[in-house]
Amino acid sequence: MLTFTDDAVTAVILGNMQDAGLPHAGCTCVRCTAAFEDPARGLFAACLAIVDRREKRDTEGHREDAELHREKARIYLIDATPDIKFQLNLLAGALGSHPQRGNRLRQPDGIFLTHAHMGHIGGLPQLSKEAMFVNGLPIYATPPLCELIQQTRLWSPLVQELEFRPMPGGTAVNLGDGLVVTAVPVPHRDEWGVGTVAFHIQGPSKSLFYLPDIDAWEQWPAAETTLRSVDVALVDASFYSADELGGRPPVAHPLVTDTLARFAPLADRLMLTHLNHTNPVLDAGSAAETSVRQAGFRVAQIGDPFIL
Ligand SMILES: [Zn+2]
Ligand SMILES: [Zn+2]
Ligand SMILES: [Zn+2]
């Protein structure tokens, strides 16, 4: 369970792997075998939480009662991953108890979805009646992604418990007191024509950019100016090099080697996330991990906090 700084907005990493996590279904590679044998070596699919624990002050500047304040923490997830039950549990201390069911966690205050791929929406069924049983949970996503989920008949019982808040690319949602989340369209394979967005999160003092999936840096001309404009950027690092593809055609993700070269001057603010199980950057001390570290970049780790 994670703990959070009082009276602050914190973004926290809840997962750093490509959609399928570690271990990867059906994989017998060394990393996956180790994680199947020892689940403690597993890693969750890419996910970020925003935890707003700012205290409200009255007109004379007095803080409100600490107990009351804790109940009022606002908690948002970016993406609903197949690991959502574990990721919600990491937030147990911040979520607190369900208002009516004492042995359950309170539901989060909203979930922002980047796109329709499995690792980003695959946790939604865990919110339905058979599992967490949320009620009126706000879901922020592009209008066509909201529609796609609403039209998926398999999920119709769940859909009744969600409150869709269509959020076209380029629009912002004000979460209160200077905390603003903006959806930024990015190029990424799009089987259903529902788009992919990254999220720009502006806190009261710092900003964070969350970009777990993008096809190629060349296809997004605003990349450098966008990444340069924020305090921290979490970016797609699915594959380290073409060696992982075993001769298969290039995949729709930038290679870490390219990202390191292209954004070398931004190493202080770039963090790598959404790593595929094949990525040697996962192995501490490997040549790939060493090259990332020596270039001044970091790999996002579960629990990494960023005070916004
Ligand atoms: Zn993904
Ligand atoms: Zn594997
Ligand atoms: Zn994707």
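**View 1. Residues lining the largest cavity of the predicted model.** The largest cavity is lined by His115, Ala116, His117, Arg189, Asp190, Glu191, Trp192, Val194, Gly195 and Thr196. A cavity is a set of points, on a 1 Å grid over the protein atoms alone, where a 1.4 Å probe fits but cannot get out, and lining residues have an atom within 4 Å of a point. The volume of the largest cavity is about 30 Å³, counted as the space filled by probe spheres set on the points. The model is predicted, with local features requiring pLDDT of at least 70 and side-chain atom pairs pLDDT 80 or more, whereas totals for chains, interfaces and linings use all residues. Residues are numbered from 1 along each chain as its sequence is written, chains are lettered from A and ligands numbered from 1 in the order in which they are written, and side-chain values use heavy atoms, without hydrogens and water.

View 2. Across the whole structure, a search finds 6 aromatic pairs, meaning rings of Phe, Tyr and Trp (its six-membered ring) with centres within 6.5 Å. Phe112 and Tyr140 are stacked (planes under 30 degrees apart), at 4.2 Å centre to centre and 10° between the planes. Phe112 lies in strand E4 (residues 110-112) and Tyr140 in strand E5 (residues 137-141), 28 residues apart; strands are DSSP runs of E, at least two residues, numbered from the N terminus. Both Phe112 and Tyr140 are buried, that is, under 20% relative accessible area with a 1.4 Å probe, protein chains only.

**View 3. The ring cluster.** Ring pairs join Phe112 and Tyr140 with Tyr76 and Phe199 in a cluster.

Technical notes
Phe/Tyr/Trp six-rings, centres within 6.5 Å; stacked < 30°, edge-to-face > 60°. Helix = DSSP H or I, 4+ residues; strand = E, 2+ residues; numbered from the N terminus. Buried < 20%, exposed > 50% of the residue type's maximum accessible area, 1.4 Å probe, protein only. 1 Å grid on protein atoms, 1.4 Å probe; cavity = no way out; pocket = protein on both sides within 12 Å on 5 of 7 lines; lining within 4 Å.
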